[in-house]
Structures are given as C-alpha cells and as structure tokens.
Amino acid sequence: MLISHRIRSALAYRLSNRDEVQIHAGLHKTGSTSLQRSLALAGLLYPCRRTDFLESALYCAAINGAVKNHQVLSSEQLLGEMGDLYETARERIKFLERFDHKFRVIIYLRPHLEWHSSVLAQLIQQGSLGTADGYLEKNQSRSYFRWVELCQDLLRAKPPNTRLELRVASDTVSDFGLRIGVNLRKVPRTNVSLSPFGLVALQKLTEENFAANPVIRRSLRGFRTDSTGQFSLFSPHEQTLLKSMRGDWEAIAALVCDDARRTHEQLSSLYDLPEMPYAHNFFEKGDLDQAKRYVDDALSKTDFTQGAR
C-alpha cells in the first residue's frame, strides 16, 4: 500500500509540477512538521538539514537535489530563524535568482498571539528561554514583528524566476497537497508541545536541577493537559499587546492568495477572544510537587537518560 501511495504521489507530482520547483518555506509553527511527515510518507520530501541554508554551497546542493529527485524542498529554516523573526528573509529569498529553474515558494502565516505563543513554547522546550520575560520587548523592535512588513519585503525581493504564495490555512497538509496536486495522507503527530503548566514545570524543575532539561521535557509529555487552552505563557498585558496587532493581520489580506482569504478572515475572530489567565500566577507548590512525581514515574518506566546525553 505504501509503495502504491508513493508511486501515485510521484506521478501526480510530476504531472502537476513540470515547470516549477516547489518549495515550502514555513513559517515555523504553522504545521510544517506535519506537512513534512506527510510529504515523506508520499516519497516527496527532499531530505535537508537546518544548516543547509546557512552556506551558499549547501543551499545550492539542497535546491539541486530537490530538482534532480523531483521532490519538494521543505524547511522552516529557508527564510531564517524564528528567534530573530526572520531578519535575513530578504537575502534568502533573493538567493533563488542564482538558478535557472523556476520556483514556487509557499509560506504559511498565523495570527500573532497564536504564533508567538507557539514560538515561545518551542523556545522554552529547547531551553533557549526560561519564561516569557523580555520576549516581546526584544521582538517588538525587530523589522518583521509586523507580518505585513515581512510579506511586502518578500514580495519585493523575490526574483523573476520565483512565484511567491502567502497562505493562511486551518489544515496545512491538505492545503499544500492541493497546491501541488497530490493527495497527501496525514501522519499522527508525535511532537505535541507541553501544556502551559507543563512548560512552567519544565522551567522550575530545570532551575532546581531536578534532572537534565531534555529528560524533564520528555517526561512531562501529557502533564496537566487540562491547562491547554485555559492558561497562557503570556501575561494578560502581553496578550492584549499581541491582539492589538489585528490591524497588521487585516493588512495582509490583500497580500495572501485569493483562495486563502476566507480562512484569513475567519481567523481574524481570534483577536476578539478574551485574555487567558497567566500560567505562572496560577502554578502552585502542589502543581510543582505533582510535576516531580510525574517525572519520577516516567523515569521509572522509561530510561530517557541515554537519549539525553
């Protein structure tokens, strides 16, 4: 069954994309991992690493490899790092002018609060940040804190051999499959983020040196999932600030693809939702004790230490 799925996908992809190389360039936290798993299942994902887009030679090798193998190049790193809000995005998209191929670059966007909440959770899980303290203050001054600035700069910087599609989707896998003419199968998620209380517990247990950060992170999967959607890693003031970016979200309506505007408009309602309680203010000693027991129980069942080294 898998072989036949790959054969059908390869044929459909070649028929639909004879004249263009298809590139998925994120953004981070917009369903990229799920999409890449589905592309890999279909045999359409060109394997690349995040470091492939830091050096010209590696970037060229990734592009040429995707062309040769008739596969999709998909990487959130192609436009840069989420931690600096894609400061080098203009230069990275202009790099495509060096090739004789024609490209279509597809980029997905999310509303500000949802996107920054996911990014913050990822940075905390990576150990890059402990809390939200200073996150917004630092990023507000960056060039692309406003999505419209990023979108306009990318559209201006794209070379003549490149089509750029800015998209908003509730289901990235299905949407991208439609764009490339392939019926992509969904693969169950395995990289679900920790809950808000799980992230607070991760920070506090890491500070106490309770165990290595990767060990704690893996052990806390499934901890206090009831806090998801009920608490935020941002304070109410920070949530209000991000929701005040609604005008920026509405400004990109004219820039996203026509068939994505309905979803874009629907997601505008997220800016009207009330602020959630700040997770750190409601995480108590009893929750921390529960987290310790949760980690101890996980460690007694599975040896995470070997993978953490």
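**Exercise 1. Classify Arg146, given its relative accessibility of 35%, and describe its salt bridge with Asp248.**

Solution. Arg146 counts as partly exposed, because its relative accessibility is 35%. The classes are buried (under 20% relative accessible area), exposed (over 50%) and partly exposed in between, with a 1.4 Å probe and protein chains only.

The model is predicted: local features need pLDDT of at least 70, side-chain atom pairs count only at pLDDT 80 or more, and totals for chains, interfaces and linings use all residues. Residues are numbered from 1 along each chain as its sequence is written, and side-chain values use heavy atoms, with hydrogens and water left out.

Next, the partner. In a salt bridge, a side-chain nitrogen of Lys or Arg lies within 4 Å of a carboxyl oxygen of Asp or Glu. For Arg146 and Asp248, the closest N and O atoms are 4.0 Å apart. Arg146 sits in the loop between helix 6 (135-139) and helix 7, and Asp248 in helix 12, so the bridge ties together parts 102 residues apart in sequence. Helices (H or I, at least four residues) and strands (E, at least two) are DSSP runs, numbered from the N terminus. Asp248, at 5% relative accessibility, counts as buried.

**Exercise 2. Which residues are linked with Arg167 in a network of salt bridges?**

Solution. The structure holds 24 salt bridges. One of them joins the side chains of Asp259 and Arg167 (3.0 Å, N to O). Asp259 is in the loop between helix 12 and helix 13 (261-267) and Arg167 is in strand 4, so this pair connects parts 92 residues apart in sequence. Arg167 has 0% relative accessibility and therefore counts as buried, whereas Asp259 is partly exposed at 47%.

A further bridge joins Arg163 and Glu165 (3.8 Å, N to O). Here Arg163 is partly exposed, at 40%, and Glu165 is buried, at 5%. The network that includes Arg167 also takes in Glu20, Arg104, Arg163, Glu165, Asp175, Arg179 and Asp259.

**Exercise 3. Find which residues of helix 7 are buried, and what covers them.**

Solution. Helix 7 spans residues 147-157, and its buried residues are Trp147, Val148, Leu150, Cys151, Asp153, Leu154 and Ala157. Their cover includes helix 4 (89-94), strand 3 (103-108), helix 5 (112-126), strand 4 (162-167) and helix 12 (246-251).

Now take the ring of Trp147. Rings of Phe, Tyr and Trp (its six-membered ring) pair if their centres lie within 6.5 Å; planes under 30 degrees apart count as stacked, over 60 as edge-to-face and the rest as tilted. Both Trp115 and Trp147 are buried. Both Tyr86 and Trp115 are buried as well. The Trp115 and Trp147 rings have centres 5.0 Å apart and planes at 75°, so they form an edge-to-face pair. Trp115 belongs to helix 5 and Trp147 to helix 7, so the pair ties together parts 32 residues apart in sequence.

**Exercise 4. Which residues touch the most other members of the largest nonpolar core?**

Solution. A nonpolar core is a set of buried Ala, Val, Leu, Ile, Met, Phe, Trp, Tyr and Cys residues joined through side-chain atoms within 4.5 Å. The largest has 70 residues, and those touching the most other members are Ile23, Leu27, Leu73, Leu79, Ile107 and Leu220. Helix 5 gives the most to this core, with 7 residues. Apart from this core lies another, of 13 residues, including Leu35, Ala42, Leu44 and Val182.

Note on methods. Contact means heavy atoms within 4.5 Å.
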